[in-house]
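Dear colleague,

My notes on what was found in it follow.

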Amino acid sequence: LQHPHVVDVHLVGELPDRSLYIVMEYLDGSSLASALAAAGGAFPMPRALGITLQMADAVGEGHALGIVHRDLKPENVMLVRRADVADWVK
């Protein structure tokens with residue numbers, strides 16, 4: 001996927017012992033789960049809506065290509081700062 005809200009995957013492979021690996025871009029931020037915990041379990045509506053729309057856009061891009069994320073949860077959503085956007089989902 002080439003989408004601003006999807007992590008870039010640089011390399012995938014298999015080791016001699018048949019273990020699989022994925023090399024992804026480094027994201028300097030925090031998980032959605034950590035941010036929610038720090039906020040007491042809930043965000044103000046504008047912040048929640050902004051994050052949700054970015055996530056829906058990314059998931060929709062995958063679905064358009066026949067890709068389904070089978071483990072979408074707050075621990076797997078990263079919030080990073082991009083330019084003037086405090087909650088850029090990646």
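What percentage of the 90 residues of the chain count as buried? The figure is 22%, where buried means under 20% relative accessible area, exposed means over 50%, and partly exposed lies in between (1.4 Å probe, protein chains only).

Please note that this is a predicted model, in which local features need pLDDT of at least 70 and side-chain atom pairs count only at pLDDT 80 or more, while totals for chains, interfaces and linings use all residues. Residues are numbered from 1 along each chain as its sequence is written, and side-chain values use heavy atoms, with hydrogens and water left out.

Overall arrangement

The chain contains two helices and five strands. Both kinds of element are DSSP runs numbered from the N terminus, helices being H or I with at least four residues and strands being E with at least two. Read from the N terminus, the order is β-β-β-α-α-β-β. Along the principal axes, the C-alpha atoms of the chain fill a box of roughly 50 × 30 × 25 Å.

Strand 1 (residues 9–14) and strand 2 (residues 20–24) run antiparallel and are joined by five bridges; two strands are taken to pair if DSSP finds at least two bridges between them. Valine 9 has methionine 24 of strand 2 as its bridge partner. Leucine 11, which lies in strand 1, stands opposite valine 23 in strand 2. With a relative accessibility of 46%, leucine 11 counts as partly exposed.

Arginine 18 lies in the loop between strand 1 and strand 2, and has a positive phi of about 75° although it is not a glycine. Arginine 18 is also exposed, because its relative accessible area is 65%.

The C-alpha atoms of leucine 11 and alanine 42 are 35 Å apart in space, and the two residues are 31 apart in sequence. Alanine 35 belongs to helix 1 (residues 32–38) and counts as buried at 10% relative accessibility. Between the C-alpha atoms of alanine 35 and arginine 18 the separation is 36 Å, at 17 residues along the chain.

Helix 2

Helix 2 (residues 45–64) has 20 residues and reaches 28 Å from its first C-alpha to its last, close to the 28 Å expected at 1.5 Å a residue. The expected span is 1.5 Å times one less than the number of residues. Which residues of helix 2 are buried? They are Ile51, Gln54, Met55, Ala58 and Gly62. These residues lie on the same side of helix 2 because they cover an arc of only 95° around the axis, the arc being that of the directions from the helix axis to the C-beta atoms. An α-helix has 3.6 residues a turn, so residues three or four places apart point the same way. On the other side of helix 2, Met45, Pro46, Leu53 and Ala64 are exposed. Glycine 66 follows helix 2 and has a positive phi, near 80°.

Side-chain contacts

How many salt bridges does a search of the whole structure find? There are two, a salt bridge being a side-chain nitrogen of Lys or Arg within 4 Å of a carboxyl oxygen of Asp or Glu. In general, side chains of opposite charge can pair when their charged atoms come close.

Glutamate 14 counts as partly exposed at 43% relative accessibility. The side chains of lysine 73 and aspartate 71 also meet in a salt bridge, at 3.6 Å from N to O. Lysine 73 is partly exposed, with a relative accessible area of 35%, and aspartate 71 is partly exposed at 37%.

Arginine 47 lies over the face of phenylalanine 43, at 4.0 Å from the ring centre. A charge sits over a ring if NZ of Lys or CZ of Arg is within 6 Å of the ring centre and within 35 degrees of the ring normal.

Yours sincerely
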